[in-house]
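Q: Could you walk me through how to read this model, one feature at a time?
A: Gladly; let us look at it together.

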Amino acid sequence: MYKDNRDKPIKKANVENDIPEPVTPDSRLLTLILMAIEDETAEAIKYKTLSESAPDQHARDIFRQIYLDESRHKRLFERIYTSIAGSPPPEIPIPQLPILEYSEQLRINVLDELGEARFYRDIFLLLENLDYAKLVDTIINDEQNHAVLNNYLSIGLL
């Protein structure tokens, strides 16, 4: 979403009739933040599992640090959501993650982390509070670093 479009109402289809009703920027932002909380919940679970099952201690240590980062990101997004909405976010169900072969999981992790960084830029652009924007910018940088670390671990498999 472009910064210039921030103040224009977003339209969504109404299920009962086809007349679009405006969606406030805060509503869109809260929806995106909830999606981010879901992503971070799934990522934390995935990296916790990898930190316990990786083939060597070096990889387990890296996954443990990423797990801690993802858990912190979840808490930060929950804090931002609560501040904007005035109430805590709804409980996020624990996702069931597929079990993949280690090298395939590393490849998927790189793509997931880069995708999250791109997605979080949309949240960043909707935030009017500069303190929250700085937090999301830090999260974006962390996600890019996680992609690099997963790529580093996958190179060790070659």
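This is a predicted model: local features need pLDDT of at least 70, side-chain atom pairs count only at pLDDT 80 or more; totals for chains, interfaces and linings use all residues.

A: Let us begin with the lining of the largest pocket, whose residues divide into nine nonpolar, three polar and three charged.

Q: What volume does the largest pocket have, and which residues are closest to its centre?
A: The volume of the largest pocket is about 350 Å³. Among its 15 lining residues, Lys46, Leu97, Pro98, Ile99 and Gln105 are the closest to the centre.

Q: Which helix gives the largest share of the lining of the largest pocket?
A: That is α1, with seven residues. Both α1 (25–53) and α3 supply at least two residues of this lining.

Q: How are two packed helices described?
A: We use the angle between their axes and the distance between the axes. Take helix α3 (residues 102–126) and helix α4 (residues 130–155): they pack at about 165 degrees, with axes 8 Å apart. An angle over 145 degrees counts as roughly antiparallel, so α3 and α4 are roughly antiparallel to each other. Their contact is made up of 14 nonpolar, six polar and five charged residues. The crossing of α3 past α4 is left-handed.

Q: Are α2 and α3 roughly parallel or roughly antiparallel?
A: The axes of α2 (residues 57–85) and α3 cross at roughly 25 degrees and come within 14 Å, so these two helices are roughly parallel. Their crossing is left-handed.

Q: Which residues of α2 and α3 meet?
A: From α2 come Ala59, Phe63, Glu70 and Phe77, which meet Tyr102, Leu106, Asn109, Glu113, Glu116, Tyr120 and Ile123 of α3. The residues of this contact divide into seven nonpolar, one polar and three charged.

Definitions and conventions: Residues are numbered from 1 along each chain as its sequence is written. Side-chain values use heavy atoms; hydrogens and water are left out. Axes are lines fitted to C-alpha atoms, for helices over the stretch in contact, and angles run from 0 to 180 degrees between N-to-C directions. Helices (H or I, at least four residues) and strands (E, at least two) are DSSP runs, numbered from the N terminus. Angles under 35 degrees count as roughly parallel, over 145 as roughly antiparallel, 65 to 115 as roughly perpendicular and the rest as oblique. A crossing is left-handed if the near helix is turned anticlockwise from the far one by less than a right angle, and right-handed if clockwise. Ala, Val, Leu, Ile, Met, Phe, Trp, Tyr, Cys and Pro count as nonpolar, Asp, Glu, Lys and Arg as charged, and the others, Gly among them, as polar. On a 1 Å grid over the protein atoms alone, a cavity is a set of points where a 1.4 Å probe fits but cannot get out, and a pocket is an open set with protein on both sides within 12 Å along at least five of seven lines; lining residues have an atom within 4 Å of a point. Grid points are joined across faces, edges and corners, and a volume is the space filled by probe spheres set on the points. Contact means heavy atoms within 4.5 Å.
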